[in-house]
Amino acid sequence: MKQHITPDDLATLTESQKMNLRDMWMPEVNTLACASVCKCVVNDIYENIVFVIGSIIIPEGSNTPVLGRLGPADEIMIDDELPDQNNEEEVSGEIPKACDENYVDEISEFEYFEPDHYFSKKDCLPLLSIGQMLEMLSRLKYGQHGFTVSLPPIKRLIGDKGYTVTNSLDQEYEEEELCDALWSALKTFL
């Protein structure tokens with residue numbers, strides 16, 4: 001069973017939905033987040049880094065929290081559903097020379113260093129768990145008059161519904177995974 005949404009799920013959001021999700025999100029220690037880090041400035045290529053929040057720091061004079069990285073998600077076994085960070089998509093053929101990690105400039109050496117272990121909340125999005133999505137839905141108008149979550153029978157027959165989330169206004173979201181049904185319901189309110 002899928003326990004958390006993935007960076008691919010976050011990629012389906014519009015910029016305004018991402019801002020709304022970021023505003024609703026209250027980061028907590030030992031939860032998953034995804035930071036977008038620039039991998040190549042020349043070609044505007046970003047990489048998603050999945051990490052576990054190890055600390056939350058609020059700098060003086062700022063309202064934006066800084067999230068400390070406990071460790072990369074591929075080193076800490078949290079969930080089998082998380083994508084492997086070593087799978088990189090091919091970006092239209094060859095890597096440009098300026099983005100190659102082994103590229104040596106005539107003036108100075110270019111060396112790739114792993115990004116800091118601290119990320120601003122404004123550069124991160126949560127990889128919500130089933131429980132976190134239930135909590136968010138209950139805080140929204142979606143849960144104003146309650147909502148129901150239906151689980152399919154263990155032995156499903158043809159025509160049986162999958163996991164469904166329904167509110168009092170008869171808005172229904174059906175998916176093969178409970179996590180995906182909750183995510184579909186939450187996205188409509190972002």
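**View 1. K18, a buried lysine in helix α2.** K18 comes out buried at a relative accessible area of 18% (buried is under 20%, exposed over 50%, partly exposed in between, with a 1.4 Å probe and protein chains only). Its place is in helix α2; helices (H or I, at least four residues) and strands (E, at least two) are DSSP runs numbered from the N terminus. Skip residues up to four places away in sequence, and K18 touches L10, L13 and L125, where contact means heavy atoms within 4.5 Å. The side chain of K18 also meets that of E15 in a salt bridge, 3.8 Å from N to O (the rule: a side-chain nitrogen of Lys or Arg within 4 Å of a carboxyl oxygen of Asp or Glu). E15 and K18 are three residues apart in α2, so about one helical turn separates them.

A quick note on the model: it's a prediction, with local features needing pLDDT of at least 70 and side-chain atom pairs counting only at pLDDT 80 or more, while totals for chains, interfaces and linings use all residues. Residues are numbered from 1 along each chain as its sequence is written, and side-chain values use heavy atoms, leaving out hydrogens and water.

**View 2. K2 with D9 and D180.** The whole structure has three salt bridges, and shared partners join K2, D9 and D180 into one network. D180 and K2 meet at 2.7 Å, N to O. That pair links helix α4 to the segment before α1 (7-11), 178 residues apart. D9 and K2 meet at 3.0 Å. K2 is buried at 9% relative accessible area, D9 is buried at 15%, and D180 is buried too.

**View 3. The F51 and F119 rings.** The count of aromatic pairs comes to one. Here the rings of F51 and F119 sit 4.8 Å centre to centre with 35° between the planes, which makes the pair tilted (rings of Phe, Tyr and Trp, the last by its six-membered ring, pair with centres within 6.5 Å; planes under 30 degrees apart are stacked, over 60 edge-to-face, the rest tilted). F51 lies in strand β2 (residues 45-57) and F119 in β4 (residues 118-120), so the pair ties together parts 68 residues apart in sequence. Both F51 and F119 are buried.

**View 4. The largest nonpolar core, 39 residues.** Such a core is a set of buried Ala, Val, Leu, Ile, Met, Phe, Trp, Tyr and Cys residues joined through side-chain atoms within 4.5 Å. L10, L21, W183 and L186 have the most contacts inside it. Helix α4 gives the largest share, seven residues. Leaving aside neighbours within four places in sequence, L186 is in contact with M24, L128, M133, M136, L137 and L140.
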